[in-house]
Amino acid sequence: SNLSSKDPNNIDNEYNCKDEDLIDKIRDTEFQTYELNVNRITSDSKNIDQIIADYQGRYLWELFQNADDSLGKKKNQEPNFIGTKGVGFKSVFEITNEPEIYSGKFNFKFSSIETQKKLQNILDKKGIKKQAPYSPSRIPHHIYPSKNKIIKKLFELKFSTIINLPFKNETAKNKIINFLENFDYKFLLFSQNIQSI
């Protein structure tokens with residue numbers, strides 16, 4: 001959280017494990033931290049809620065920005081990236097409870113539902129009579145592209161990274177439709193790498 005892959009000073013794999021084990025390792029480490037300090041359950045939840053409030057209505061702009069920066073990576077333009085803090089992606093929680101990312105060996109989702117269940121187990125084990133917050137999660141959970149026909153088809157079409165944002169409700173769906181219907185194509189003038197949408 002709050003670390004960006006765009007920062008050249010980041011440690012690539014501080015977990016010291018194989019790529020295929022990385023998602024589990026991150027997830028397990030996060031839950032171990034919560035077991036050691038249950039107060040972080042509330043503080044992290046409030047922190048993520050605040051980030052989402054700060055980025056209200058920016059989810060598509062943040063995704064366009066990420067796509068633009070990703071294309072820049074191929075052209076070796078890292079110093080010119082638009083985004084740097086690594087928090088903008090969290091804005092998608094305004095429209096989804098379970099954003100999914102499929103990319104090579106790394107296929108995972110950030111699930112509010114699965115995370116809340118695990119956090120509730122931690123609280124119950126410690127005898128804390130409190131409801132775990134249902135909040136956007138920064139903890140990754142495995143998903144399998146073969147179980148989703150559309151994702152499987154996109155990989156067959158040679159897409160290398162796929163982001164799936166299942167709508168959390170009809171209101172979220174209508175927000176996206178409205179945004180795209182009123183999208184200002186002049187945005188492309190400020191893009192360094194995106195040529196078309």
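Analyst: Let's begin with how directions are compared: an axis is a line fitted to C-alpha atoms, for a helix over the stretch in contact, and the angle between two axes runs from 0 to 180 degrees, taken between their N-to-C directions. With that in hand, look at helix α5 (residues 149-156), which lies across β1, β2 and β4 and runs at about 155° to β4. Please keep in mind that this is a predicted model.

Now for the overall plan. The protein has six helices and four strands, and along the sequence they follow the pattern α-α-α-β-β-α-β-α-β-α. The four strands form an open sheet in the order β3-β2-β1-β4, with antiparallel pairing. At its edges are β3 and β4, each of which pairs on one side only. From one strand to the next, the twist averages 25°.

Let's follow the pairing from β1. Strand β1 (residues 100-103) and β2 run antiparallel and are joined by four bridges. These two strands make a hairpin with two residues between them, and in the turn Gly104 has a positive phi of about 60°. One of the bridges pairs Ile101 with Phe108 in β2.

On to the next neighbour. Strand β3 (residues 140-142) pairs with β2 over three bridges, again in the antiparallel sense. Here Phe108 stands opposite His142, while Lys109 stands opposite His141.

How well covered is strand β2? Four of the five residues in β2 (residues 106-110) are buried, which leaves the strand mostly covered. For the protein as a whole, 37% of the 197 residues count as buried.

Phe110, in this same strand β2 (residues 106-110), opens the way into the interior. Setting aside neighbours within four places in sequence, Phe110 is in contact with Phe89, Phe93, Asn97, Glu98, Pro99, Ile101, Ser137, Arg138, Ile139 and Pro140. Phe110 is also among the residues with the most contacts inside the largest nonpolar core, which has 19 residues; Tyr59, Leu60, Leu63, Phe89, Val92 and Ile95 are in that group too. Helices α2 (39-54), α3 (59-74) and α6, together with strand β2, each supply at least two residues of this core. Its largest share, four residues, comes from α3. In soluble globular proteins, nonpolar side chains tend to be buried together. Apart from this core lies another, of eight residues, including Phe31, Ile41, Leu119 and Leu123.

Arg27 lies in helix α1 (residues 22-36) and touches Ile139, Pro140, His141 and His142, not counting residues up to four places away in sequence. Is Arg27 buried or exposed? It counts as buried, because its relative accessibility is 17% and the cut-off for buried is under 20%. Its side chain also makes a polar contact of 2.9 Å with the side chain of Asp24.

With 40% relative accessibility, Phe167 counts as partly exposed. Beyond its neighbours within four places in sequence, Phe167 is in contact with Ile95, Ala172, Lys173 and Ile176. Between Phe167 and Phe93 there are 9.6 Å in space, C-alpha to C-alpha, although they are 74 residues apart in sequence. Across the protein, of the contacts between residues at least 6 apart in sequence, 71% join residues at least 24 apart.

Finally, back to α5, the helix that lies across β1, β2 and β4. Asn148 caps the N-terminal end of α5, with a side-chain oxygen 3.0 Å from the backbone nitrogen of Ile150. Just after the helix, Lys158 takes a positive phi of about 75°.

How values were computed
Residues are numbered from 1 along each chain as its sequence is written. This is a predicted model: local features need pLDDT of at least 70, side-chain atom pairs count only at pLDDT 80 or more; totals for chains, interfaces and linings use all residues. Side-chain values use heavy atoms; hydrogens and water are left out. Buried means under 20% relative accessible area, exposed over 50%, partly exposed in between (1.4 Å probe, protein chains only). Two strands pair if DSSP finds at least two bridges between them. A polar contact is a pair of N or O atoms within 3.5 Å; within protein, one must be able to donate a hydrogen and the other to accept it, and residues adjacent in sequence count only if both atoms are side-chain atoms. Contact means heavy atoms within 4.5 Å. A nonpolar core is a set of buried Ala, Val, Leu, Ile, Met, Phe, Trp, Tyr and Cys residues joined through side-chain atoms within 4.5 Å.
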